[in-house]
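Let's walk through this structure together, one region at a time. Keep the sequence and the 3D view side by side as you read.

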Amino acid sequence: MNGRHLRVHKRLVQSFKDANSGLLLALAQERNIKLQLSAAVLVLCFSWSIHVSLTYLVVIFVLIGGVISLELINTAIERLVDLVTKENHPMAKAAKDTAAAAVWWFSVMAAVIFIVIVFATLFH
Ligand SMILES: Nc1ncnc2c1ncn2[C@@H]1O[C@H](COP(=O)(O)OP(=O)(O)OP(=O)(O)O)[C@@H](O)[C@H]1O
């Protein structure tokens, strides 16, 4: 590996370490993300037990990834707002509540799609 490739490799490894530390931080501090990961394990076990098709399984993985990713972005926005102001401010509330709404909206859609997948698998 030449010098340039080594630098690119080190940057990639460092980016991965930073992202991993962000995930661990959110896991340690956010109750919601623990609940969502537990729900994801249950959903995957149930999906496996009813033999969902490979296509549906891919959809389920995308939905789980979407919920967890949005929760991580929500956590980042919460931290950023807290860093910017400790005061009670309507814009701070709007930022936090809108970020939280993004998670909830996607989670509700994911739940609806999962129910459709379960019915389609059991009663096709
Ligand atoms: N600086 C602020 N100014 C005004 N309202 C705020 C402020 N910080 C938080 N809030 C509001 O207080 C409530 C709780 O905020 P908090 O930061 O504790 O989020 P949370 O309940 O821990 O969210 P989550 O459950 O997603 O982790 C939210 O409705 C939020 O909009």
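Start with the ligand: the residues around it are E30, N32, N74, E78, T85, N88, H89, A92, K93, K96, D97 and A100, where being near means that a residue's C-beta atom, placed from the backbone, lies within 6 Å of the molecule. Before going on, note that this is a predicted model, so local features need pLDDT of at least 70, side-chain atom pairs count only at pLDDT 80 or more, and totals for chains, interfaces and linings use all residues. Residues are numbered from 1 along each chain as its sequence is written.

Which elements give two or more residues to that shell? They are α3 (54-84) and α4 (90-122), and α4 gives the most, with five residues. (Helices here are DSSP runs of H or I with at least four residues, numbered from the N terminus.) By type, the shell has two nonpolar, five polar and five charged residues. For that sorting, Ala, Val, Leu, Ile, Met, Phe, Trp, Tyr, Cys and Pro are nonpolar, Asp, Glu, Lys and Arg are charged, and the others, Gly among them, are polar.

Now look at the largest nonpolar core, which has eight residues: V52, I60, L63, V67, L70, V103, A110 and I117. Here α3 and α4 turn up again as the elements that give two or more residues, but this time α3 gives the most, with four. A core like this is a set of buried Ala, Val, Leu, Ile, Met, Phe, Trp, Tyr and Cys residues joined through C-beta atoms within 7 Å. Zoom in on V67: leaving aside neighbours within four places in sequence, V67 is in contact (C-beta atoms, placed from the backbone, within 7 Å) with Q36, F106, S107 and A110.

Next come some database notes. UniProt, in an unreviewed entry, puts the feature "binding site" at R11 and E71; such annotations may be inferred rather than shown by experiment, and feature names are shortened. The two are spread over 61 residues of sequence and up to 25.7 Å between C-alpha atoms.

Are they buried or exposed? R11, in helix α1 (residues 3-29), is exposed because it has 10 other C-beta atoms within 10 Å. E71, in helix α3, is buried because it has 23 such neighbours inside 10 Å. The cut-offs are 20 or more for buried, 12 or fewer for exposed, and partly exposed in between, with C-beta atoms placed from the backbone.

Note on methods. Two residues are in contact if their C-beta atoms, placed from the backbone, lie within 7 Å.
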